[in-house]
Protein chains: 2
Amino acid sequence: MKVGIIGSGQLGWMTILEGRKLLNEYYVLDEIAGPAARISDRYFPVESYRSFVEKCDVITYEFEHVNGRALQYASKSGKLMPGLEPIELKRERILEKEYLRDHGYPVAEFEVAADAGEAKRIASRFGRAVIKSSRGGYDGKGQFFVNRSNLSSTEIEIRDRFVVEEMIDFDSEASIIASRGIDGSFRAHKPSFNLNLRGMLFYNSAPFDDCGMGSIASSVMESLNYVGVMGIEFFIRDGKAIINEIAPRVHNTGHHTLRGSSISQFEQHLRAITGLPIPEPELYTPSGVLNMIGIEMQKRLELEILAVPGTSIYWYGKKGIRKRRKVGHVNLTAGTITALRKKTEELSRIVYPDGPEEFI
Amino acid sequence: MKVGIIGSGQLGWMTILEGRKLLNEYYVLDEIAGPAARISDRYFPVESYRSFVEKCDVITYEFEHVNGRALQYASKSGKLMPGLEPIELKRERILEKEYLRDHGYPVAEFEVAADAGEAKRIASRFGRAVIKSSRGGYDGKGQFFVNRSNLSSTEIEIRDRFVVEEMIDFDSEASIIASRGIDGSFRAHKPSFNLNLRGMLFYNSAPFDDCGMGSIASSVMESLNYVGVMGIEFFIRDGKAIINEIAPRVHNTGHHTLRGSSISQFEQHLRAITGLPIPEPELYTPSGVLNMIGIEMQKRLELEILAVPGTSIYWYGKKGIRKRRKVGHVNLTAGTITALRKKTEELSRIVYPDGPEEFI
């Protein structure tokens, strides 16, 4: 099949890497030719989206902040998988929150504000809160963590509407990579524990306790009549899962599935959207990821990382490295979760010898 | 690094598939642009081998029957890994057999014959024998199985010198995928049991008992000062391993390492030849391969294969499908070796509903 991917970042890149063995061709559409374009069968500049849509048999998106006209056109063609609704929810945080709340899923309390003043008044009522831009947010962009003491001094610059969320006092953050086939079959990879730094995933490790994530994922995907892979991030408090956000696509917290799993999230997504059977993923061994953010790759670093047993490197080959930009990741496996955590700490010292603060 | 691959068949194709995540570019040289050329960063027609060699940092070969001048030129440049000696042994069966025998490795008894008459006389002494062409043989090409009753009627057409080997009455065939780093470190994937049909691998399954294969591999590779992955095929008789042949490259019997292993033979080979640390491969779960030989791929077949849990398809995308041509393979994993064998039989009935005989 001719599989179209809107967006050419690392998520599309890994989708093609993992999908090369399948019987597909991969066409990529984007505004600039990112990593996925480099290994695609054909790159389409964004203005040629009509021809792109016509040439593909099925079209997916690797990311939510991609060209809206291309998405619309792909959706009208009937080829977009998962459809337009999930990505519209994702592109507009207010819609996402309302959808989840109105369908009865556990989410943090929130209110919508029209301007910064109103946002601050709501935040002040919550005590500790996150003020988020309704549009364009990912990796902690457009988010402000406030509490009663810093509220008045925090400068909030958002051009759009605001979502003000009560800050959840969580025990940990976690996520699940779930998948749903065209026939409605539901599968899920084992959940992972995630450590975020300033809104960006720093490292994660699987398996992690389910805490109800599986059944929430199954229900959300069914209610959206979703086809493909979805990543859902949660706060875990007292063993219960509260949805933080959904991502209607392959997800950074699912990169550990590239190693130590019977199938990666990327291949699972491709199988789902092309109508192939999706298997129940097996996690063979504890597996995790350390993100490489804003760093330069060097031979010495590569050698040091790979000298640690059970590691492998995915280097995205992005042009232009800057602070808070994800440029690669390290996969890690180990015999036990404890050994995995220890290895992650060791690797973190190798990748960020002076700590990650200046990069993230 | 710029990694050059001489040969553009499925072995090079999977090497690039598995190597894409590493920090390399892949240049491919061949007489015709096969599957590997399609996904390479650059394809060089064979006549431009000088420019190919000059542009690469390290050069490997995916197969032994590739252009000799290119190999020579790459070797002279000092970039060829593993070097010229292993592939020269492989290209000339007499040299391989003599090398192994003279170094004291267990091999079947053999003699060299200059013509068909002499070959038949030697074969008759052995009773049951295999008459093999010294050059150009793989996948059972140029091999004649003879015994006292069919010897006189067998027509042997070989243009070259002959190796006549005593036929080993083996209990099973097996192989090991071993790897050696630039620093001399030795690693090995778990051996596999192999079922060959008319000289071609039909299916295999790992793990299999070591039977001494590991130490033989380690010794052979050390004596050749080998760098990279080597596949060694064995006959197993009374629990002891007798070398059938060596392949100085990634090997069809190592394709199961693409699934259920901590690292594939392809990534292991690339790590070794680019001077990266090579890890001890872990086999997480019983894993095997069913070769797809001479068949056409169809959506219906793809769906049927993938409906069996634990399967994935590698379809090489070759142009021109014919009898005895390897066109793809199915990877299979299962919880136990017994379950794996059962699954392999089930898949064999799906892929070859009327049996494999007309294809192999």
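This is a predicted model: local features need pLDDT of at least 70, side-chain atom pairs count only at pLDDT 80 or more; totals for chains, interfaces and linings use all residues.
A residue is taken as buried if 20 or more other C-beta atoms lie within 10 Å of its own, and as exposed if 12 or fewer do. Setting aside neighbours within four places in sequence, B:Lys190 makes contacts with B:Ala206, B:Pro207 and B:Leu283. B:Glu282, 92 residues away along the chain, has its C-alpha atom 7.9 Å from that of B:Lys190.

A:Lys240 is part of strand E14 (residues 240-247) of chain A. Beyond its neighbours within four places in sequence, A:Lys240 touches A:Cys211 and A:Gly212. A:Pro191 is 49 residues from A:Lys240 in sequence, and their C-alpha atoms are 13 Å apart.

Zooming out, chain A splits into domain 1 (2-80), domain 2 (109-166) and domain 3 (172-351). Between the C-alpha centres of domain 2 and domain 3 of chain A there are 28 Å.

Helix H4 (residues 68-76) of chain A has three buried residues, A:Ala70, A:Leu71 and A:Ala74. Viewed down the axis of H4(A), these buried residues fall within an arc of 100°, so they line one face of the helix. An α-helix has 3.6 residues a turn, so residues three or four places apart point the same way. Turned away from the buried side of H4(A) are the exposed residues A:Gly68, A:Arg69 and A:Lys76. The packing partners of the buried residues of H4(A) are strand E1 (2-6), strand E2 (25-30), helix H3 (49-55), strand E4 (58-61) and helix H5 (84-91) of chain A. After H4(A) comes A:Gly78, with a positive phi near 80°.

Helix H11 of chain A covers residues 337-351, and its length checks out: at 1.5 Å a residue its 15 residues should span 21 Å, which agrees with the 20 Å between its end C-alpha atoms. Buried in H11(A) are A:Leu340, A:Lys343, A:Thr344, A:Leu347 and A:Val351. These residues fall within an arc of 110° seen down the axis of H11(A), so they too line one face of the helix. The other side of H11(A) carries A:Thr338, A:Lys342, A:Glu345 and A:Arg349, which are exposed. Strand E12 (200-206), strand E15 (287-293), helix H10 (299-306), strand E16 (311-315) and strand E17 (326-333) of chain A are what the buried residues of H11(A) pack against.

As for how the two chains meet, chain B and chain A each put 23 residues into the contact. On the chain B side, helix H10 (299-306) and strand E16 (311-315) each supply at least two residues. Sorted by class, that side of chain B has 16 nonpolar, four polar and three charged residues. The copies meet through the same surface, because 100% of the interface residues of chain B are also interface residues in chain A.

Chain B can be laid on chain A by a rotation of 180° with 0.0 Å of shift along the axis, at an RMSD of 0.0 Å. That is how a two-fold axis relates copies. Within chain B, B:Tyr284 has the C-alpha nearest the axis, 3.0 Å from it.

Terms used: Residues are numbered from 1 along each chain as its sequence is written. Chains are lettered from A and ligands numbered from 1 in the order in which they are written. Domain bounds come from an automatic or database domain assignment. Two residues are in contact if their C-beta atoms, placed from the backbone, lie within 7 Å. Helices (H or I, at least four residues) and strands (E, at least two) are DSSP runs, numbered from the N terminus. Ala, Val, Leu, Ile, Met, Phe, Trp, Tyr, Cys and Pro count as nonpolar, Asp, Glu, Lys and Arg as charged, and the others, Gly among them, as polar. Copies are superposed by least squares on the C-alpha atoms of residues with pLDDT of at least 70 in both. The arc is that of the directions from the helix axis to the C-beta atoms. The expected span of a helix is 1.5 Å times one less than its number of residues.
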